[in-house]
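I would ask you to keep the sequence and the structure in view as we go.

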Amino acid sequence: MSLYNAAIQPRKIGPRLPKLRPTDDDQESLHWNTRIFRQISAPERNVTLWNETEEFEKEGKKLAKLEEISRKLEEASKKYSETALNLSKCEQRITQDLMASALCKSESELKHHCEEWDNSIVKLNPHMQEMNSNIQKMLVEPIEKFSNIFPCIHETKKKWEQSFGEFKRCEVKVKKYQERERTGDNIVKLNQHQKSLMPVKEEFNKLHTALKEGIPKLNDHRISYYQPCIEALIKSQAAYNSECYKIYSELAGHLAPETYTSEEYGNRIQQKLSDIKALAIVG
């Protein structure tokens, strides 16, 4: 064979190796390993967040209703105290105006009755002040303290919402790199995002647990908190009204020894009014 022919002949360097292809078992193994990797690195979802959202919203509505009721009760308590005090002032103003009138100056008996009436009001003033003081200490102030809890809860809910948003953003990043190919860079970034997710998740779970457990307890304790306040108000009213009955019964005995019913008093007043209207100067 010539050198030319030898040069153009293909060289035999040994048998050609077959091209390796992954078998079905290899592909299944790779797929299984990827699934295991994703499960191990997947962030653990907070069950209370995704499965108890409806219950969480119900408790939030109860809280809003409780806050509204507390606000109305506080306003009504203050108004009641002011009204009771104004009633006493108005009654005393009536007696003082009567005693200063020309009619009382000319009618000694009427003046005496007005003075006794005014003295009875003066006797009742300490009891009125005591009742108003009890209302302030046993009802208004406890309600104000209870109402001060709600701004703290709203602040915690605001932090919860912010933490929830941050938690979702971190979780999305983790999930993003879980679904990517397992390259060195992707694994490093996945680990970084997982480390960033851990403190965010811990803070979120802390806030979520506080709200989840705290709001129902607050709703449950509202009755045991308000009941002593209402009892104190009723006892204070009973004590004041008992003194009113005692003092005014004594006054009534001095002013009119005869005993009349409310209907009889009404008939007497109506008769006097008819007599006045029958006067020629009126007609």
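Let me begin with a definition: an axis here is a line fitted to C-alpha atoms, for helices over the stretch in contact, and angles run from 0 to 180 degrees between N-to-C directions. Helices are DSSP runs (H or I, at least four residues), as strands are (E, at least two), numbered from the N terminus. The model is a predicted one, in which local features need pLDDT of at least 70 and side-chain atom pairs count only at pLDDT 80 or more, while totals for chains, interfaces and linings use all residues. Residues are numbered from 1 along each chain as its sequence is written, and side-chain values use heavy atoms, with hydrogens and water left out.

I turn to helix packing. The axes of H6 and helix H7 (residues 149-178) come within 4 Å and cross at roughly 5°. H6 is therefore roughly parallel to H7; the cut-offs are under 35 degrees for roughly parallel, over 145 for roughly antiparallel, 65 to 115 for roughly perpendicular, and oblique for the rest. On the H6 side the contact (heavy atoms within 4.5 Å) is made by Lys145, Phe146 and Ser147, and on the H7 side by Ile149, Phe150 and Pro151. Four of these residues are nonpolar, one is polar and one is charged. In this classification Ala, Val, Leu, Ile, Met, Phe, Trp, Tyr, Cys and Pro count as nonpolar, Asp, Glu, Lys and Arg as charged, and the others, Gly among them, as polar.

How do the axes of H6 and H8 cross? Helix H6 (residues 108-147) and helix H8 (residues 184-255) have axes that come within 10 Å and cross at roughly 180°. H6 and H8 are therefore roughly antiparallel to each other. The residues of this contact of H6 with H8 comprise 24 nonpolar, seven polar and five charged.

Next, the charged side chains. A salt bridge is a side-chain nitrogen of Lys or Arg within 4 Å of a carboxyl oxygen of Asp or Glu. The whole structure contains six salt bridges.

Within helix H4 (residues 53-100), Lys72 and Glu68 are four residues apart, about one turn of the helix. They form a salt bridge whose closest N and O atoms are 3.3 Å apart. Lys72 counts as partly exposed, at 46% relative accessibility, and so does Glu68, at 38%; buried means under 20% relative accessible area, exposed over 50%, and partly exposed in between (1.4 Å probe, protein chains only). Glu75 and Arg71 also meet in a salt bridge, at 3.4 Å from N to O, and these two are likewise four residues apart in helix H4, about one helical turn.

Which parts does the pair of Glu144 and Lys78 tie together? The side chains of Glu144 and Lys78 meet in a salt bridge of 3.3 Å, N to O. Because Glu144 lies in helix H6 and Lys78 in helix H4, the pair ties together parts that are 66 residues apart in sequence. Glu144 is partly exposed at 28%, and Lys78 is partly exposed at 33%. A network of salt bridges links Glu74, Lys78 and Glu144.

Finally, consider Asp118, which lies in helix H6. Asp118 is buried yet has no salt bridge, and the nearest side chain of opposite charge, Arg93, is 11 Å away. For charge, Lys and Arg count as positive and Asp and Glu as negative, whereas His and the chain ends are not counted. Apart from neighbours within four places in sequence, Asp118 is in contact with Gln92, Thr95, Gln96 and Met99.
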